[in-house]
Amino acid sequence: MRITKLEPIILHAPVTRGGIKDSTHSITHWGAPGVAIHTDTGHVGYGFSGTHAHLPTDKLIVECITDSFGPLLIGEDALATRALWHKMYKSSEIYWVGRSGITHLALGAIDIALWDLKCKALDMPLWHLLGASGKEKLEAYNTDGGWLNWSKQDLVSDCKRMVEEQGYRAVKIKVGGDSGTEDLRRIEAVRHALGDEVRIMTDANGRWSLPDAIRLGNQLAQFDISWIEEPMGFDDVKGHQRLANAMSTPIALGEQLYLTQQFRDFVQAGAVDYVQPDIVRLAGITEWWTVAELAHANNLPVVPHVGDMGQVHQHLCMAHPACNLLEYIPWLSNWMKHPAQVKDGYYVASQAAGAGMEPTAEALATINKI
Ligand SMILES: O=C(NO)[C@H](O)[C@H](O)[C@H](O)CO
Ligand SMILES: [Mg+2]
């Protein structure tokens, strides 16, 4: 199976209710800059990164895919994923300008597409190729009812609906707003509405200072919070280590980390409890698996961030022993041929051959309309 062409793709999918906010970001669309890799056997592999639908940087990512990495791949054996990953990662001209950031997002999309090709060549879903049975119980927790721009009433009614009608037993609520007191009131309202059995995670998206994180982290503990996600600056290992020693609530982080070595530093410092690697920010499935093994070796659960909207992570989590819980956000559901399915709070194993990120024809038709 030889690679013949890399075709750039940029998708911009609308988010829920036309716009969502967390403590740091406010978006109307989710961006999926990526690639279709064509081969001489007629198979086509799809892979994407995940962004905030900023067209100028999405264009930089797909240009990096086609113009920088593309020439390294034409004519190569598409099944040699690990060899090609190293060839691309170690390409000195590209390595010189970026060992993380845009070049890493671009490499991640290509790696996902290569794994998609491997699955299609073998006519099996990625979870099967990775050794899962497809019967694994992978619980979903829902983030899409907890946005910071939702009123307290919408927050409570959305979460109640997810629990009472859709069977979720865990929801994630954004904190890190302008008022810590309001953050606490919102969490208190959701805890009161859902009762003690439902797990509530919180996510500050990097907003707090260390004193605020210690103060609010300890105040949130009264509501039996499962974790505080990204409490402070994404690269602050020492700060998270100090926070971990100053509060009882576990820390989750990883969606903003590009490199295995960054995860290693947080793990070795005891600065993370729930490790959240994301294939669309790491350099794809190949690097994700390394991080999952690192976490597992340190007895830390892996609960990935879903920059792919769970499309590929559902497969990885069914196959990796460190995973039994995965975030759910539905923004690409209408854009994928085989959208991730959650039933009674658990992911349903996709039976489609591939890694899970093949867009629909309608989605591909939007490419030139952005
Ligand atoms: O933090 C997250 N999940 O855990 C969400 O992905 C972010 O809130 C969205 O991308 C908006 O910035
Ligand atoms: Mg998050």
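User: In this predicted model, contact means heavy atoms within 4.5 Å. Which residues in H1 meet residues in H4?

Analyst: Take H4 to begin with. Its partners in this contact are Ile102, Thr103, Leu105, Ala106, Leu107, Ala109 and Ile110. They meet these residues in H1: Leu60, Ile61, Cys64, Ile65, Phe69 and Leu73.

User: At what angle do H1 and H4 pack?

Analyst: H1 spans residues 55–73, and H4 spans residues 102–122. Their axes are 9 Å apart. The crossing is right-handed. The packing angle is about 65°.

User: What is the order of the strands in the open sheet of three strands?

Analyst: Strands of a sheet pair through backbone hydrogen bonds. Here the pairing is antiparallel. S1 (3–14) and S5 (44–48) each pair on one side only, as edge strands. The order is S1-S4-S5.

User: How many bridges join S1 to S4?

Analyst: S4 covers residues 29–39 and runs antiparallel to S1. Ile10 stands opposite Pro33 in S4. The number of bridges joining S1 to S4 is eleven.

User: Which strands does H4 touch as it packs on the sheet?

Analyst: H1 also packs on the sheet, and it touches S1 and S4. The direction of H4 makes about 145° with that of S5.

User: How far apart are the end C-alpha atoms of residues 152–250?

Analyst: An unreviewed UniProt entry annotates this span as "domain: Mandelate racemase/muconate lactonizing enzyme C-terminal". In the model, the span is 47% helix and 15% strand. Its end C-alpha atoms lie apart by 25 Å.

Notes. Residues are numbered from 1 along each chain as its sequence is written. Chains are lettered from A and ligands numbered from 1 in the order in which they are written. This is a predicted model: local features need pLDDT of at least 70, side-chain atom pairs count only at pLDDT 80 or more; totals for chains, interfaces and linings use all residues. Side-chain values use heavy atoms; hydrogens and water are left out. Axes are lines fitted to C-alpha atoms, for helices over the stretch in contact, and angles run from 0 to 180 degrees between N-to-C directions. Helices (H or I, at least four residues) and strands (E, at least two) are DSSP runs, numbered from the N terminus. A crossing is left-handed if the near helix is turned anticlockwise from the far one by less than a right angle, and right-handed if clockwise. UniProt positions are given in the numbering used here, feature names are shortened, and annotations may be inferred rather than shown by experiment. Two strands pair if DSSP finds at least two bridges between them.
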